[in-house]
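Thanks for coming, everyone. Please look at the sequence and the model on the screen while I talk.

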Protein chains: 2
Amino acid sequence: MKYLGIDLGGTNIAAGIVDEKGNILIKGNTPTQPLRPIEEIVKDIAALCKKLISASDISEDEIKEIGMGCPGTVDAEKGIVVYSNNIPIKHIPIRKMLEEYFPYKNIKLENDANAAAYGEYIINGDNADSFVFITLGTGVGGGVILNKKIYRGFNGVGCEPGHITLISGGEQCTCGKQGCWEAYASATALINQTKTAIEKNADTAMREWVEKNGKVSGRTAFECAKEGDETALGVVRNYIRYVADGIVSIVNVFQPESIVIGGGISKEGEYLISPIREYVIRNEFNKYMKKTKISAATLFNDAGIIGAALC
Amino acid sequence: MKYLGIDLGGTNIAAGIVDEKGNILIKGNTPTQPLRPIEEIVKDIAALCKKLISASDISEDEIKEIGMGCPGTVDAEKGIVVYSNNIPIKHIPIRKMLEEYFPYKNIKLENDANAAAYGEYIINGDNADSFVFITLGTGVGGGVILNKKIYRGFNGVGCEPGHITLISGGEQCTCGKQGCWEAYASATALINQTKTAIEKNADTAMREWVEKNGKVSGRTAFECAKEGDETALGVVRNYIRYVADGIVSIVNVFQPESIVIGGGISKEGEYLISPIREYVIRNEFNKYMKKTKISAATLFNDAGIIGAALC
């Protein structure tokens, strides 16, 4: 049997046909253009899916289920996007809208971070009983897999790890609260931390980097730190501590068997993960028990497709 | 059928016989004297249990199971206290030691906070699928009940809510990390915050309170705040914000149906809980979904007995 997974993002819609092991057989994408009516977006999603099916040697009958990851607050049970920021919609019955294009299919809706978490779990989760996925991207997102299922809590939305407190009363977060982990550990936060350091330090090599590359990105501080720039090293050390301190909270709360860290910043690989691992071992509460495995994601954008298809 | 629950604390050993609904039929206690050999402590535990059985009209055969909550890191599966601070022991096979006194009984070992969480869940948990218990005592402890079972994580120890980060790089916590929730929201922390405020404010009514009551306690600031003392009000507002900010993290992570707050400080009841509830509604991430019920514990010391007996 085959599964169709859709990852609805604020910029891009990605979709793919996936086998039961999580291998992507064919995939494609189309721009979201988030400000147009949701009916048009859903029409394009359906068209993308139909196009993938015809381009493959798989018949529509072979597709067992269709799953879609959506940004924002998703009511998986009711198949509704309750609220989303990236695509400005509220209380939209997206499952029902998709059913008009695929009337004989079981269609599942899921929060995009939960779907990506499930995708990483399927491929990199070692079949663990407790697994946490954290993305360091525009925000800090993620999902929790317990007993091989997405943990959703009583209201169906699941874990929002980016909105645990990191510094009570600290930086304003986009969610309205102050001091969220996301406000310190997202790529957006890292970019702001990098900009502040560049402004304060005339002699940092990051200034040259920015001139060459056009703008400050999540890579600026990491790349200059690797070249030995002291200011960049300071930014990276601080940033990694913010990330690691939140990971300690996650470890102390879930004692998960495995944590996978994804999102753009996770492309730094061991340069990022290795100091996080050391920090967690030094700072977690249960120092005398088995250690949580911490690793970098490998799937990136495919995680959402695989997870939405199979969750 | 009846169950025997034991709550092994650093100061006191409490035990009781409990029915399957969580009613305590008889209970008693004896001092721990934590610095003597563990064999003597276990001997006293067994003697207390035997005494309770003979004082009741229940025969030993009617006792279906014996459970014990222990402080520190407990390996429930192996029946071992891996590490404890309050009773200075390491790698002690307490289950095996208790089995010598009750050779025909199923004996369970559990972390004391997990056991108390389960006790509160049985009595005050409304049969919820997701339930979190938080104690504001000497430390900040607690436990999580998911799908009607204690959540233990992959290493068997369960949730340590007191050691999520509240202020990264902040106050030193007894666990070795800086900035844990416990370092701000425990009764110990409240006492320190109260002392600092008294030192700084010569005109606070708390000075008189301390003279009358002999020392600063977790009640000092609350009682003087209720009388309108501005300094005490400041301490209480700050403290409640620390507590509430951690509760928001717990809500955003677990989206639990119900949170019960226990420990000495929870005796303040609605004076404490009501502002926490308001803060959580204002600051939680999923503002458009069903709300977590937040209430004060009712069982206090009995929670550990009931939970250990029935978990």
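I will go through the sheets, then the cores, then the cavity.

First, the ground rules. This is a predicted model, where local features need pLDDT of at least 70, side-chain atom pairs count only at pLDDT 80 or more, and totals for chains, interfaces and linings use all residues. Residues are numbered from 1 along each chain as its sequence is written, chains are lettered from A and ligands numbered from 1 in the order in which they are written, and side-chain values use heavy atoms, with hydrogens and water left out.

Let's start with chain A. Five strands make an open sheet there, ordered β11-β10-β9-β12-β13, with mixed pairing. β11 (149-150) and β13 (293-296) of chain A are at the edges with a single partner strand each, so one side of each has no neighbour in the sheet. Two terms here. Helices (H or I, at least four residues) and strands (E, at least two) are DSSP runs, numbered from the N terminus. Two strands pair if DSSP finds at least two bridges between them. In chain A, β10 (residues 140-146) pairs with β11(A) in the antiparallel sense, over two bridges. Leu146(A) sits opposite Lys149(A) of β11(A).

Now chain B. Its open sheet of five strands has the order β11-β10-β9-β12-β13, and the pairing is mixed. β11 and β13 of chain B are the edge strands, each pairing on one side only.

Stay with β10 of chain B, residues 140-146. Is this strand buried or exposed? Seven of its seven residues are buried, so β10(B) is largely enclosed by the rest of the structure. Buried means under 20% relative accessible area, exposed means over 50%, and partly exposed is in between (1.4 Å probe, protein chains only). Both faces of β10(B) are covered. One side has Val140(B), Gly142(B), Val144(B) and Leu146(B). The other has Gly141(B), Gly143(B) and Ile145(B).

What does β10(B) pair with? Strand β9 of chain B, residues 130-136, runs antiparallel to β10(B), with seven bridges joining them. Ile134(B) has Gly142(B) as its bridge partner. The two strands, β9(B) and β10(B), form a hairpin with three residues between them. β10(B) also pairs with β11(B), residues 149-150, antiparallel over two bridges. There, Leu146(B) is partnered by Lys149(B). Two residues lie between the strands of that hairpin, and Asn147(B) takes a positive phi near 50 degrees.

On to β12 and β13 of chain B. β12(B), residues 258-262, pairs with β13(B) in the parallel sense over four bridges. Ser258(B) stands opposite Lys293(B) of β13(B). Ser295(B) also lies in β13(B). Its relative accessibility is 18%, so Ser295(B) counts as buried. Setting aside neighbours within four places in sequence, Ser295(B) is in contact (heavy atoms within 4.5 Å) with Ile259(B), Val260(B), Ile261(B), Ile273(B) and Arg277(B).

Another stretch of chain B has two hairpins. β5(B), residues 73-75, is joined to β6(B), residues 80-84, by three antiparallel bridges. Val74(B) stands opposite Val81(B). Four residues separate these strands in the hairpin, and Gly79(B) has a positive phi near 75 degrees. β6(B) then pairs with β7(B), residues 89-92, antiparallel over three bridges. Val81(B) has Ile92(B) as its partner in β7(B).

Next, the cores. A nonpolar core is a set of buried Ala, Val, Leu, Ile, Met, Phe, Trp, Tyr and Cys residues joined through side-chain atoms within 4.5 Å. Which residues touch the most other members of the largest core? Out of 108 residues, they are Ile247, Phe254 and Ile276 of chain A, and Ile247, Phe254 and Ile276 of chain B. A second, separate core has 32 residues, including Leu8(A) and Ile53(A).

Last, the cavity. On a 1 Å grid over the protein atoms alone, a cavity is a set of points where a 1.4 Å probe fits but cannot get out; lining residues have an atom within 4 Å of a point. How many cavities of 30 Å³ or more are there? The count is one. The largest cavity holds about 40 Å³. Its lining is Ile164, Ser249, Ile250 and Val253 of chain A, and Ile164, Ser249, Ile250 and Val253 of chain B. α8 (230-254) of chain A and α8 (230-254) of chain B each supply at least two lining residues.

Note on methods
1 Å grid on protein atoms, 1.4 Å probe; cavity = no way out; pocket = protein on both sides within 12 Å on 5 of 7 lines; lining within 4 Å. Points joined across faces, edges and corners; volume = space filled by probe spheres on them.
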